[in-house]
Amino acid sequence: MSEQTVSPPAGATRSTAAAAAPSGPAPARRPSVVKWVLTGVLLLFLLVFPLYFDEFWLRTGFAVFGAAIGAIGLNLLVGTTGQLSLAHAFFLAVGAVSYTYISGESGGLGTRAGLEGLGLPPLVGMVVGVLLAGLAGLVFSPIAARLRGIYLGVASLALVFIGVHVINTWTPVTGGFNGRAAPEFSLFGFTFGNSDPQLFVLGVPFREAERLWYLGLVLLIAAYVFARNLLRSRPGRALQTLRDSEVAASVMGVNVQAYKARVFLVSSMYAGLSGVLYALSIGSIAPESFTLLVSVQYLAMIVLGGLGSVGGAVLGALFVTALPLLFQQYADVLPLVSAPGQGGISAGFAARFLYGAAIILIVLFEPAGLAGAAQRLTQRLRRGRAPARGGPATPPEQPGSAPTPSDRPAQGSNPR
Amino acid sequence: MTQFLSLLFNGLSLGAIYALIALGFVIIFKASEVVSFTHGSLLLLGAYSIARLSESLGFLGAVLVGLLITALAAFVVERFIINRLRGAPVISLAIVTIGVDIILLTELIRRIGPDILNVPHPWAGESVRIGGIGITQNRLVAMIVAGILIVLFFVAFKYSSWGVAMRASAEDGETAALMGIRQGRVSALAWVVAGVLAGVAALFLVGSPTPGVSSAVYATALRALPAAILGGLDSTGGALVGGLLIGVAESLAAGYQEQLLFLGRGFGEVVPYVVMIAVLLVRPSGLFGTKELTRV
């Protein structure tokens, strides 16, 4: 079976796949020079960023990198394959807890003396954390594969609540209700802490925030490239076909169960890595870091960014993660927003209002998300120079047609 | 044995409340093919309104206005958002209700804060004993009211023109529309009914033994979602059975907590989800849900 035989069903669904996933089945075109230059400039900016900005921005950046990795993973599952999952917080938790347990030390001070830890190198903790999260996804996938559409969404809800319960209960490993500190990351003797070794680059002291920034950047780029390549490859096409119609996919020779299991594996490995980075960014883990709200936030990220788009997931993660932190930082400057207990809306709440409203508006008016809007903009700019390609024409999206995933004829769990 | 019966009875009363909420999920799903994740915050909205208004309007007035507010909120969500997305994929619809939920819940939590608001039920908090089985008066009233409402609902669903129209639209929306059934109206009415049911459930859910209206009520309301799912999302009878099942399971797990200690404290709150997963493993469309057929 060649790729050409797979693409017609994807393309046949009124160019929605192409609109939703700009990296998807669009016709191969030569990467333009402008794009390369822009990418280069962006990379350079990110590389020199720590030299010019202070710790707050670096920490925000690291949190965004970690969240972006998780969002890319969730987007593979929800956006590309059309499997609604609210369990992302659970897989995040698996990664974060595993890392903390494997690389943490036993014992502790005072009441924390009951903690256990294997004390292995942090790199081992990170890798095993990612693998365990993947394993959890793999274990859940047979259940998931039996459930269609919305049933999966609600069933996955269960994992989050069970996960929080386990974290609350399994005190020796997770630290229980109060949580436990996450060990500092280090790589072959080079710690990502404030010292050991002392490091200066161009006269700027490279402390924990600077070092973590580069760690997050490297991991995010790797995660980004992997996801993009995955989507452009044969498995990626198979996943998109799966979203559009499971029947069509299986007729084309796509092993539906196996692909669903694999996408769950990959997505939860992304979540696991994101969880490890989250633990590093906060410096500790606690049950309230992995509640339903976190799952909903990740869902918000991919909806805002654009379902099925890798770059969109990163944009969405930037929006949802950085917003509350920025509000917090500039609470006294912004109208309406204030520090907690001063009558105004606190930063966290203000951010939630904003992305809640953004979700509604995006589903109503721009179902392809920020990525879709950006793509339309570049096409409009390009139209002046090049003759319009035969690719995805962009008529104004009708709110009703919502070219988001799964427009299979049976409409999810519609019992007709 | 008495303990078991008592837990069972209390579980059934809790289950009756869950059944009201789950019924709301099911009729919304049947009418507009949306799984409403907004329902938890709608319920909290009802509870909050009743608690806040009861100072000025008295208990009965507060309940009536509270139900009106909940119904109105559900109506607004349907008219301005869901109705505009008719025919959109199920996942988009679910996501948009999550968006509404974020906004509504955030505002309510912001208003409630760390407080516990009290609803002055005229029935006192003390418990009654029926043949050695203790149950709070609130739960007893809840059981009776829920029973009456559920019977009323099923009668209306079977015989009233709204019920017939609604079942026809759930069966086949296009054909029903061709027959002159106004889909928009059916859907809007379903949301309103679900809103009222959630409001009634809220009234009892915040009475004793629950301390009052706090943001924790949201988590309780969410546990009706597994009830609806395990009964089968498109089965009204399933919602009833699912609600009762979840209520009893939760009550038993909480009551025998000492014996279940190896599963950790507060396991009762997780039990609904465990039961749901177990049922879905055997029957992927829930106990009474229609099996999804694949046609090419």
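## Close-up views of a two-chain predicted model

**View 1. Thr291(A) and its surroundings.** Thr291(A) touches Ala89(A), Val160(A) and Val164(A), leaving out residues up to four places away in sequence. This is a predicted model, and every view below comes from it. To find Thr291(A), look in the loop between strand E6 (284–285) and helix H13 (292–305) of chain A. Is Thr291(A) buried or partly exposed? Thr291(A) counts as partly exposed because its relative accessibility is 27%.

**View 2. Chain A as a whole.** Take a step back here to see the setting of the first view. Chain A has 416 residues, and 55% of them count as buried. Its secondary structure comes to 16 helices and six strands. Now consider the contacts in chain A between residues at least 6 apart in sequence: 73% of these join residues at least 24 apart.

**View 3. Ser267(A) inside a helix.** Helix H12 (residues 256–282) of chain A is where Ser267(A) is found. Ser267(A) counts as buried because its relative accessibility is 2%, and the cut-off for buried is under 20%. Which residues is Ser267(A) in contact with, leaving aside its neighbours within four places in sequence? They are Gly73(A), Leu74(A), Leu77(A) and His88(A).

**View 4. Two helices of chain A packed together.** Helix H4 (residues 55–80) and helix H14 (residues 310–329) of chain A pack at an angle of about 145°, and their axes are 8 Å apart. The crossing in which H4(A) passes H14(A) is right-handed. On the H4(A) side, the residues that meet H14(A) include Phe56(A), Trp57(A), Ala63(A), Val64(A) and Ile72(A). On the H14(A) side, Val310(A), Ala313(A), Leu318(A), Leu325(A) and Gln329(A) are among them. What classes of residue make up this contact of H4(A) with H14(A)? It has 16 nonpolar residues, four polar ones and no charged ones.

View 5. Over all chains, the structure holds eleven aromatic pairs. Phe56(A) and Trp57(A) form an edge-to-face pair, 5.3 Å centre to centre with 75° between the planes. Trp57(A) counts as partly exposed because its relative accessibility is 28%. In chain B, Phe153(B) and Trp162(B) also form an edge-to-face pair, 6.5 Å centre to centre with 70° between the planes. Phe153(B) counts as buried because its relative accessibility is 6%, and Trp162(B) counts as buried because its relative accessibility is 16%. Which residues form one aromatic cluster? Phe153(B), Phe154(B), Phe157(B) and Trp162(B) do.

**View 6. Chain B as a whole.** Here is the other chain in outline. Chain B has eleven helices and two strands. Following the sequence, the pattern reads α-α-α-β-β-α-α-α-α-α-α-α-α. Of the 296 residues in chain B, buried residues make up 56%. For contacts in chain B with a separation of 6 or more, 75% are between residues 24 or more positions apart.

View 7. Strand E1 (residues 127–130) and strand E2 of chain B run antiparallel and are joined by four bridges. Arg129(B) has Gly134(B) as its bridge partner in E2(B), while Ile130(B) has Ile133(B). E1(B) and E2(B) form a hairpin with two residues between them. Look in the turn for Gly131(B), which has a positive phi of about 55°. How do the residues of E2(B) point, and are they buried or exposed? From this strand (residues 133–136), Ile133(B) and Ile135(B) point one way, Gly134(B) and Thr136(B) point the other way, and all are buried.

**View 8. Glu33(B) in a loop.** Glu33(B) lies in the loop between helix H1 (2–32) and helix H2 (39–82) of chain B. Its phi is near 55°, a positive value in a residue other than glycine. Glu33(B) is buried because its relative accessible area is 18%, and buried means under 20%.

Technical notes: Residues numbered from 1 in each chain as written. Chains lettered and ligands numbered in written order. Predicted model: local features only at pLDDT ≥ 70, side-chain atom pairs only at ≥ 80, totals over all residues. Heavy atoms only, no water. Axes fitted to C-alpha atoms, helices over the stretch in contact; angles between N-to-C directions. Left-handed = near helix turned anticlockwise from the far one by under 90°. Contact = heavy atoms within 4.5 Å. Nonpolar A, V, L, I, M, F, W, Y, C, P; charged D, E, K, R; others polar. Buried < 20%, exposed > 50% of the residue type's maximum accessible area, 1.4 Å probe, protein only. Pairing = 2+ DSSP bridges. Phe/Tyr/Trp six-rings, centres within 6.5 Å; stacked < 30°, edge-to-face > 60°.
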